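Hi everyone, thanks for coming. Let me bring the model up on the screen, and then we'll walk through a few spots together.

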Amino acid sequence: MRLVNFIAGRIAVYVMVLAVGMTILFFVPRFAPTDPVDAMLAKIAVQSGYMDASQVDALRASLSDTFGLDGSLLEQYGAFLRRVFVEFDFGPSLSMYPTPVMELISNALPWTFGLLFSATIIAWVLGNFVGLLAGWKPNSNAGRAMEGLAICLYPIPYYIVALILSVLFSYVWAIFPLTTTIRGAPWSWDLVRSIVWNSFLPAMAIVITTFGWWIISVKAQTQALKEEEFVRYARLKGLSDARLLGRYILPNALLPQITFLALQIGLMFNGSLITEIIFDYPGLGLLIYKAVLQGDYNLLMGTISLSIVAVATATMIIDFLYPLIDPRIRHG
Amino acid sequence: MRALFQDNPFRLYIGLALLLIVSAIGLVLPWFTPVDPLEWYTAPRNQGPSGAHPLGTTSLGQDIFWLLTWAVRNSLILGVSVAFLSTLIGVFLGLTAGYVGGGLDRFLSFLMDALICIPTLPILILLAALFGGQLSLVAAGVALVVFNWPFPGRQVRAVALSMREREFVNVAWFSGERRSRILTRHIFPYIAGWSAANFINTVLVAIATESALAVIGLSSASQATVGTMIYWALKYQALLGERYIWIGAPVVVIVALFIGLFLMSSGLAMRSSERRMSI
Amino acid sequence: MIEVDNVTLGYGSRNFITAVDGASMTIGRNEIVGVAGESGSGKSTLMRAIYGDFSTGLRLRSGRITATFPDRAPIDCSEMRKTWWQDISYVPQGSMSVLNPLMKVHKQLIDGLPKHKRKGDRRAIRRDLETFLAGLDLDPSVLDAYPHQLSGGMRQRVLVAIASYVGPHLILADEPTTALDVVVQKRILLMLVEIQRRLGNTLVLVSHDLGVHYQIADRLIIMFKGEVVETGPTDEIFANPKHEYTQRLIGSLPRLGTRKSTVTALRRATP
C-alpha cells in the first residue's frame, strides 16, 4: 500500500512540475515588454540581410503559430499544451530552415544525456568511495585532506572549473581539443574514441564540481551510520571492515543520496548547459545558446520545453529507485 | 564570547573571515572609487599592475581593481536581495503550509516540489532572449526569487510539521497562547538556524546563476558583475593576450566568496542540527 | 571459562573516568550467570570488556580478563575479537535499529559466520536455517522478513536465534528482556534457558531486573557503583542476602508465588 501511495504521489508531482513549467513557458513571452514576433523578425532580417515580403509573411505566420498567438488566451494555452505533450511539434527551426526543431533536439539530447549521465556516475562512484573511507576514519590525515579538498572544490561554479580546465588543457598544455569536433564513421572505434576524447574535459568539469559534494555528504552519512546500533552489532559479530562498509553502511547511505540527486538534477542540468557552451559541445545547452544568438524562437521554445520535461522525467526516474533500495516502502 | 568560539565549528570562522574580506572589497571600497570604472578609456589600456592601477587595466581602458569592487558590490547586492526575499517568502509559506496543514499544505507542497524540479537557467535564458538578448539585474533577481523560495520553504515546512508534535508547542497550545504568538515565540527561533544556512545557500545559487548567465553574455553587459567582468575579459581575448589578472581577479574573488559562503552555511547547518539533537 | 581478576575499567585517557573498580569473578562452564545492578553500576562496561569490545574509548586500566574455551589456548580479552561468533556471541537489546533495515533476516543470521560456512550450497544452508528455527519454535517465514516487519518480541527472539545459531560456548545477553511485556519476556527467557540446556554452554545474562534473574539464573553477581558486592547461587542470595544493597534490591521485589514453582515450571518446559 505504501508503495502504491509513493508511486502515485510521485506521479502527481511529475504532472504538477510539467503543468507549472509549461504554464510559466506559456505566459512569460506574453508578459515580455517587446512583441516577440516583431523582435524576432527584426533580428532575422538583420542576420539574413534581404528577405522578400512573402518570406516575411510566412515567417510571421510561423512565429505566431509558435507563440500560439491565434485565438483566445485559453485556446492558445490548450494549443500550446497539445503541441508540447501530444504532437511533440515545435515547427521548423528558423535559423536552420526547414529542419524541424524536434529533429535538432533529438540529435542534441543524447549528447547532453550521455555527458551528464557518465559524469554523474563517475563523480558518484569516486565520491562514494572517498567519502566512505573518509567517514570511516574521519580523524586520519587522508580523511581530513579529502574533506578539505571537497570543501574547496564543491562551491566553485561550473563555468569557472570549465574555463580553468579549457585554459589549462586545451590552451596552456594543449592535449585536449578546444572545441568539439566529432569524426569517424558511424559505429566505428574511431567514432567512439573521438567521442570519449572530446567529451573528456566537459565531463571532468562536471565531475570535479559535483564529486566534492558527494564526498562531503557521504562522509557525513558514514559518520552518522557508524554510530548506529545495527552497525555496532554487526561489528560485534566480527564482520570485517570491508563488509561493514559494503553491506551495512553503503546501502544505508544510498537512501538519502537518491533524494539528494533528485533535488540536484536541475542544478546539474544548469551546469551542463554552461559546460557545453564553453566547450562547444553539441548538446541541448549549445542548441539553446545558438537559438538565443540567432533569434530562433521555435528552437528556443522547443529546447526549453524539452529541458523541463527531461529534467522532470529524470528526477522522477531517480525517485523511483528509492523503493528498490528501501524495503520499508516496498513492503510497508 | 568564549562560549561562542568554543561551541561553533572552526569552519564558521574561516568562512566568516573570507566573507569579511570579500564584503570589504564589495561594500566598502566602491565608495572610494576615483572615476567611474565602467567608463571606457579613462585609463591607458592593457597596463600591468602599477601604483596608479593596482591590478592593471583592461583592454577597454578600465581600472581592473575598481571595476572589481563594483562587480563584487553588484553581485553581492543581487545575491543578498534574492536570498532575503526568497527566505522571507519561503519561511512564511513554509510555516503556513506546515502549521495550517490540510488542502493548503498539499497545494503548497506540490508547488514547491514542482518549482524545485524546474531548471532555472533555461528559463532565465528564455527571459534574456525575450528582453532583447540581455537580462537586467532586477529581472534576473525576480526570476531567481520565484525559483528559489521553495528550498527554504520545504525545509521550514518539515521543521514546522515536526514542531507541531513537540511537547513544548503543545504546552503552549493548551495553555491558551495565540497561534501567531506560538509561531513567533516558539517555532520561529527554532527555524532561524536552518533559515540562516538556507539564506547563505541562496546567496550562493543566485550569484552563481547570474554570473553563469553573464559569462555566456546574456546578463546585463552594461552593469558590472563578477560574471560580466569575466564575459568582457573572454570577449577581448584576455587569455590569448596573456592578460591573466583581468580574468583571474574576478575568478579568485568569486571562488573565495563561494568557499566562504559555503563554509558559513555548512557550519550553521551543523550547528542547528546539533541544537536540534540536543532538544 | 572466564576469569576476571581484579579489573579496573573506565573511559578516556587523560581524564580517566572509572566505571568498574577492582572487580573479580569467575564464570564457569554450563551455567547461567546473572549479572544484576542498577544502571551506572558498571555491569555493561564489565560485559563489554569480557566480550573484548574496546571501541569508543573503553580502557582496561589494571587487572586481567582471561578466557579459556575448549579446543583453544587461554586468551586475553584484548584478543577476544578472534573468537567472536565462534566461541562467544552476544545478544543485544532488541531496539528498532539493531538490525540492518535493508537486509533480510536470513542474511543477518549467517553473516557473522566464517566465510566457508557462509558461502556454499544455498539450499543446504537454507534447509539448515529452517530446521534450526523450527527447533526454537520460530516460523521459517521470518527468514524472508525485513526487520521492520518484525514485532518487538519477534525481533528479540531473532536476535537470540542469531547468537545461538553459531553454537558458541558462551553467550552474553545484554538486557534482552528490557522494554518487553511480561508474556513476551517469559517467552524469551524460556528460549534462552532452552538453548543453554541444549548446547550445554554458558549464558551470562545482564539485567537490572532481579525478577528476571530469579527466574533463570543459577548464580548471581550483584554489582553496585562499579564494584562486585556479592556473588553466589541465586537461591542462597535470595534467601540470605549479605550486602545491604542486595537486601534493598530483594526487599523491593513484589512477592508473587515462590521461586521454586517458577523455576520448576521453566525447567520442566525444557526437554
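So, where is C:Trp85 found? C:Trp85 sits in the loop between β5 (75-76) and β6 (88-91) of chain C. Quick word on that: helices (H or I, at least four residues) and strands (E, at least two) are DSSP runs, numbered from the N terminus.

Before I go on, this is a predicted model, so to speak of a local feature we need pLDDT of at least 70, side-chain atom pairs count only at pLDDT 80 or more, and totals for chains, interfaces and linings use all residues. Residues are numbered from 1 along each chain as its sequence is written, while chains are lettered from A and ligands numbered from 1 in the order in which they are written.

Back to C:Trp85: its phi is positive, near 60°, and this residue is not a glycine. Is C:Trp85 buried or exposed? Buried, because 20 other C-beta atoms lie within 10 Å. The cut-offs are 20 or more other C-beta atoms within 10 Å of its own for buried, 12 or fewer for exposed, and partly exposed in between, with C-beta atoms placed from the backbone.

Now C:Asn30, in the loop between β2 (17-27) and β3 (32-36) of chain C. C:Asn30 also isn't a glycine, and has a positive phi of about 50°. C:Asn30 counts as partly exposed because it has 14 C-beta neighbours inside 10 Å.

Last, chain B. Chain B has eleven helices and zero strands. Of its 279 residues, 51% are buried.
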